[in-house]
Amino acid sequence: MQRIFMFDIDGTLTPARQRMAEEFIKFFLTFCKDNTVYLVTGSDHSKVLEQVPDEVLGLTSGVFTCSGNQYWEGESLVYEKEFKAPEKLFTYLKDKAEYSVCPVKTSRHIEERTGMMNFSTIGRNCTQEQREDYYHWDREAGERKQIRDWVKHMFPEIDCVIGGQISVDIYPMGCDKSQAIRYVKEKHDNAPITFFGDRLKPGGNDFPVYSAMNQESCAPLDIATPVENWQETMRILQEVYND
Ligand SMILES: [Mg+2]
């Protein structure tokens, strides 16, 4: 059965928050012509269009955005999952933002995105310096851990993970990158998958992919390949999968 290739984008195909390198584009175009390729990212579709050139996107079978809460084939949106957070959760988060003892507070504490919610007590309108200060403060204070534990305890059907430097991501259980794996498995009759990601460790946003691959419904031939950057992705593709 033909192997399916799935890639995270940020940090795996591109430098963080930037466009794919020309050198890699050239190689990857050929790779996509010869293989079945899907992309899976936490970002939204407009960000993907900035980072990955049209000619590469045109050669992929599909693109999962917003951690698999949206799925695109070409320019058409195949499905989209919405997340309606319980009122009690909103109340808690608003209180948390108001009464948090974190050193600085700005605004934009709650951001609703497709299929998920992002929450930050310092607020997303902080400067880069404030962002780093919060990160160091939180490492000692453990505020985000406490928020995560409360959310998971109070709402067993909702997941909460610490993301980036200042926030937590909140979404229905299982509505993470693992849903992309399940979707592709079903579509391709359980074909073996190779996934490349730069955040495959526990707590990383690619980790749900790793967990999904280790569930018995998946073929034992699945491979999750951790990489440090796009250069490593390119090197492994050239050395291992280029025949
Ligand atoms: Mg990444």
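Let me start with the magnesium ion, which is coordinated at 2.2 Å by D8 (OD), D10 (O) and D198 (OD), where donors are N, O and S atoms within 2.8 Å of the metal (3.2 Å for Na, K and Ca), and where sites may look incomplete because water is not among the atoms. This is a predicted model, in which local features need pLDDT of at least 70 and side-chain atom pairs count only at pLDDT 80 or more, while totals for chains, interfaces and linings use all residues. Residues are numbered from 1 along each chain as its sequence is written, and side-chain values use heavy atoms, with hydrogens and water left out.

Along the sequence, the donor residues of the magnesium ion follow the spacing D-x1-D-x187-D.

Turning to the domains, an automatic or database assignment gives domain 1 (4-81 + 175-241) and domain 2 (87-172), with 27 Å between their centres, taken over C-alpha atoms. In contact, meaning heavy atoms within 4.5 Å, are 8 residues of domain 1 and 5 residues of domain 2.

What is the count of salt bridges between domain 1 and domain 2? It is 0, a salt bridge being a side-chain nitrogen of Lys or Arg within 4 Å of a carboxyl oxygen of Asp or Glu.
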